[in-house]
Amino acid sequence: MNSTIDTTVIFVFSAFVMCIGLLFARTGRNMKSFFAGGEAVPWFIGGLSLFMSFFSAGTFVAWGSIAYKYGWVAITIQWTMCIGGLVTGLFLAPRWKATGALTAAEFIKERLGSTVQKSFIYIFMLVSLFIKGSVLYPVAKLVSSSLGYPLVPSTIVLGIFMIAYTAVGGLWAVMVTDILQFIILTAAVLIILPLAFDAAGGATNFQAQAPEGFFDLLNGEYTLGFILAFALYHIFYIGGNWTFVQRYTSVDSPRSAKKVAFLFAGLYLISPILWMLPPMLYKTINPDLQGLDTENAYLYICKLVLPPGLMGLMLTGMYFSTSASANTTLNVVSAIFTNDIYKGIINPQASDQKLMKVARNSSWLFGLGMILIALAVPYIGGMVEVVLSVGAITGGPLLAPPIWALFSKRLTGKATLYITGISLGVNLIFKILLPLLTGLKLSRGEEMILGVGLPFLMLIAYEIWAASRQKVSQQHLDYVAARAVRKAEYMEANPEEALFIRKQNHFGLRVIAFALAFTALLLFILSFLTTSGTVLVACIALGILILAYIPWRAAQRINVAAVPFENASH
């Protein structure tokens with residue numbers, strides 16, 4: 001592998017993405033525009049951003065390992081995310097938008113009380129930073145081992161780049177770069193797939209050489225029980241994770257929020273097939289990988305078939321997918337700190353200028369925390385497993401009650417704390433204490449059912465009990481009244497704010513169109529430098545150039561002329 005060409009590709013694309021983030025440095029003038037895109041982000045941008053925010057290099061490492069060992073079941077597992085997106089689009093996304101809240105934490109405070117909000121905030125921020133910090137480590141290791149750079153400097157440089165454009169540009173910067181990252185990753189995967197089939201001797205030879213059961217929907221320890229439990233988990237995760245809720249609240253209407261989730265579901269119906277076929281093909285090329293080495297199956301097939309330049313493009317796509325996920329979390333954690341802790345508790349009278357300063361500084365602070373966690377991973381043997389366990393333990397107890405509160409008029413803050421506390425405690429006992437003390441360990445399916453099912457059953461039991469006594473939460477009544485006031489305020493004409501939002505969206509769409517055109521140009525140049533796949537790369541570049549017309553046309557349709565005040569409400 002020619003590391004010079006690959007390194008150049010990585011740095012050119014990375015510098016380009018950084019410049020895009022800097023373009024949005026002056027577009028966020030208040031929290032609504034910085035964290036929610038003025039609540040007028042086009043739904044297709046929100047959907048692609050949600051899609052990019054959902055996965056990382058771990059998708060290629062963890063699921064790629066399962067695809068190498070067990071085959072098609074890795075695709076089946078990821079189809080549960082499609083189910084989660086469909087259910088979210090049908091029921092949950094429009095509900096989140098209808099709350100009128102800027103963040104999920106804001107809704108929890110208004111509906112369930114400040115005590116519940118504070119408890120959830122601290123757990124969510126801690127879990128999110130640990131999970132995303134640990135995700136930065138494997139992609140830094142991937143880049144380091146592929147290009148021969150030291151691990152620690154690679155981690156620091158990649159981490160600083162990851163947080164820079166989030167702190168500078170806010171949600172629009174994150175989402176615009178999400179779109180660009182989606183295009184680069186898709187281009188890289190579309191390039192590697194035909195080359196991998198060619199290396200495996202074609203589709204017929206691939207089917208003939210594959211192990212028995214390799215194309216079964218279920219295989220190994222990934223049983224029907226696990227798949228059903230995982231699907232239930234993803235309904236709560238996609239529909240209730242605070243990071244993803246921001247995508248539903250940043251569009252203009254409940255109908256657009258539905259479209260965001262449906263686009264995510266559609267992409268997760270198709271993309272797992274494209275992602276998982278390369279490591280499955282590598283199984284027939286080299287069936288001898290064992291243990292943790294199976295996690296490198298995707299990297300090995302890339303090294304085998306990709307010529308110089310295209311390997312750098314693939315690494316860029318893997319890194320960008322990770323940074324997209326981490327950046328979204330960083331933006332949401334910063335939003336929660338600024339909106340719900342600083343403004344809500346520390347300084348309620350803070351000006352927009354002061355809040356913007358806090359927002360950008362907190363993005364850097366939490367981002368540096370992620371880098372420190374990533375640097376600690378090699379020195380704490382089981383940290384990644386611990387972080388994943390923490391996610392499994394806290395997912396159901398934290399995500400299920402707020403989702404339930406979207407529909408229930410009976411759930412109270414006190415009941416929420418009891419349900420969350422009890423289910424967290426039981427999950428900790430079965431996940432950590434019992435295996436240590438008695439050797440009893442739940443299977444993957446049983447662990448997932450317990451983590452999601454217990455809080456769900458407790459919520460049902462409380463709802464039945466409250467209904468039998470005809471109880472209606474006073475917090476629900478207060479929330480309904482507060483929402484009516486906010487809706488009336490929202491309906492008031494504000495021509496200056498409306499004009500600013502239209503200009504921001506117009507600018508963002510034009511930047512996307514330019515970014516796609518520039519990416520197409522870079523791929524055209526790359527097609528002349530590669531030793532194989534020249535025509536394929538050129539065709540993909542042409543396709544991206546054609547795609548650039550869509551956001552450019554959408555930008556042309558936005559009226560950025562000032563609207564007279566008397567007509568502002570029409």
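**Close-up views of a predicted model**

View 1. With 18% relative accessibility, His476 counts as buried, because the cut-off for buried is under 20%. Keep in mind that we're looking at a predicted model here. His476 sits in helix α19, which covers residues 474-491. Skip its neighbours within four places in sequence, and His476 is in contact with Arg111, Ser408 and Lys409.

**View 2. Helix α17 from end to end.** Helix α17 takes in residues 413-437, 25 residues in all. At 1.5 Å a residue, the helix should span 36 Å, and its end C-alpha atoms are 34 Å apart, so the two values agree. Still, α17 has a kink of about 40°, centred on Ile429. After α17 comes Gly439, which has a positive phi, near 85°.

**View 3. Ser527 in helix α20.** Look for Ser527 in helix α20, residues 495-529. Ser527 has a relative accessible area of 2%, so this residue is buried. A polar atom of the Ser527 side chain lies 2.5 Å from the backbone oxygen of Phe524. Not counting residues up to four places away in sequence, Ser527 touches Thr534, Val537 and Ala538.

**View 4. Two Phe rings, edge-to-face.** The count of aromatic pairs comes to 28. One of them joins Phe214 and Phe215, whose rings are 5.9 Å centre to centre with 85° between the planes, an edge-to-face pair.

View 5. Phe230 and Tyr233 both lie in helix α10 (residues 224-240), three residues apart, which is about one turn of the helix. Phe230 is buried, with a relative accessible area of 8%, and Tyr233 also counts as buried, at 13% relative accessibility.

**View 6. A cluster of rings.** Zoom out from that pair, and ring pairs link Phe230 and Tyr233 into a cluster with Trp63, Tyr70, Tyr222, Phe226, Tyr237 and Phe244.

Key:
Residues are numbered from 1 along each chain as its sequence is written. This is a predicted model: local features need pLDDT of at least 70, side-chain atom pairs count only at pLDDT 80 or more; totals for chains, interfaces and linings use all residues. Side-chain values use heavy atoms; hydrogens and water are left out. Helices (H or I, at least four residues) and strands (E, at least two) are DSSP runs, numbered from the N terminus. Buried means under 20% relative accessible area, exposed over 50%, partly exposed in between (1.4 Å probe, protein chains only). Contact means heavy atoms within 4.5 Å. The expected span of a helix is 1.5 Å times one less than its number of residues. The bend at a residue is the angle between axes fitted to the seven residues ending there and the seven starting there. A polar contact is a pair of N or O atoms within 3.5 Å; within protein, one must be able to donate a hydrogen and the other to accept it, and residues adjacent in sequence count only if both atoms are side-chain atoms. Rings of Phe, Tyr and Trp (its six-membered ring) pair if their centres lie within 6.5 Å; planes under 30 degrees apart count as stacked, over 60 as edge-to-face and the rest as tilted.
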